[in-house]
Each structure stands twice: as C-alpha cells, then as structure tokens.
Amino acid sequence: MLPLAHAPAWIVASVLLVLAVLYVSLAPLNVPADLPTHFDKIEHAAAYVFLAVWFTGLVVRPRYWRVVVALAVLGLTIEFLQAAMPFGRQGDPWDVLANVTGVGIGIALARWSTGGWAL
C-alpha cells in the first residue's frame with residue numbers, strides 16, 4: 001500500500017465499496033430492467049473500471065497485478081454466486097468478460113495517469 005496519510009480511512013472506504021458491489025450484485029431482482037440488450041455489460045465494465053482505478057490509487061505500481069487478480073476473482077466469484085442463488089440472478093460468462101475488460105481499462109488508466117491518486 002502507498003504511504004497514505006489516512007490509511008485506515010482508505011481501508012474502511014475500500015471495504016465498504018466492495019461490500020456495496022457485492023450487495024448490488026447479489027441482492028434479489030424484484031423489477032425486470034427495461035434496458036437495451038447487453039446494456040448490463042457496459043455497467044459491469046464501468047463498475048470494474050472504477051474499482052481498478054480506486055485500488056490502483058492505493059497501491060504502488062508493482063502491485064497492480066494484485067489488483068487485477070483480486071478484481072478478476074471478485075467478478076468470477078459473484079457470477080458463481082449468482083448462478084447458485086435462487087434470487088432471480090443468473091451467472092453469465094459474458095459478465096465475467098465485461099468485468100475483466102473493465103479491469104484492463106482501469107489498469108491502463110492507472111498506468112497512464114490515475115495511479116497513486118490517493119496520495
């Protein structure tokens with residue numbers, strides 16, 4: 001982790017962010033969405049771009065690979081949980097691809113300009 005002035009606050013915010021993603025991803029679906037076909041893939045990618053930019057703001061560049069692995073595992077785990085849970089959710093391998101694409105874009109942004117933003 002970078003030498004952040006308020007590291008405990010950043011850690012709490014990061015945990016809350018991941019918990020929010022888990023809740024939004026796993027909560028029961030009560031209302032069918034009337035969105036264009038495959039629009040949710042854009043939502044997945046955008047969420048994981050945000051997560052990648054967030055976490056690369058907190059760690060040093062040589063540890064970006066850990067961010068990639070952690071977020072890929074998070075996305076894959078969520079899809080497995082969605083497939084296993086009877087709450088109107090379904091696992092989708094295309095969602096995993098959208099998640100990983102978002103992580104890749106986020107890492108590219110971090111390497112280009114946003115990495116270490118929390119300093």
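Here is a short chat about helix packing and salt bridges in a predicted model.

Me: What should I know about the numbering and the model before I start?
Reply: Residues count from 1 along each chain as its sequence is written, and side-chain values use heavy atoms, with hydrogens and water left out. It's a predicted model, where local features need pLDDT of at least 70 and side-chain atom pairs pLDDT 80 or more, while totals for chains, interfaces and linings use all residues.

Me: OK, at what angle do helix 1 and helix 2 pack?
Reply: About 165°, with the axes of helix 1 (residues 7-26) and helix 2 (residues 39-56) 12 Å apart. So helix 1 is roughly antiparallel to helix 2 (angles over 145 degrees count as that).

Me: Which residues of helix 1 meet helix 2?
Reply: Trp10, Ala13, Ser14, Leu17, Val18 and Val21, and they touch Tyr48, Phe50, Leu51, Trp54 and Phe55 (contact is heavy atoms within 4.5 Å).

Me: What are the N to O distances for lysine 41?
Reply: 3.1 Å to aspartate 40, 2.9 Å to aspartate 92 and 2.7 Å to aspartate 95. Aspartate 95 is in helix 4 and lysine 41 in helix 2, 54 residues apart.

Me: And is lysine 41 buried or exposed?
Reply: Buried, at 17% relative accessibility (the cut-off is under 20%). Aspartate 92 is buried with 17% as well, whereas aspartate 40, at 27%, counts as partly exposed (between 20% and 50%, using a 1.4 Å probe and protein chains only).

How values were computed:
Axes are lines fitted to C-alpha atoms, for helices over the stretch in contact, and angles run from 0 to 180 degrees between N-to-C directions. Helices (H or I, at least four residues) and strands (E, at least two) are DSSP runs, numbered from the N terminus. Angles under 35 degrees count as roughly parallel, over 145 as roughly antiparallel, 65 to 115 as roughly perpendicular and the rest as oblique. A salt bridge is a side-chain nitrogen of Lys or Arg within 4 Å of a carboxyl oxygen of Asp or Glu.
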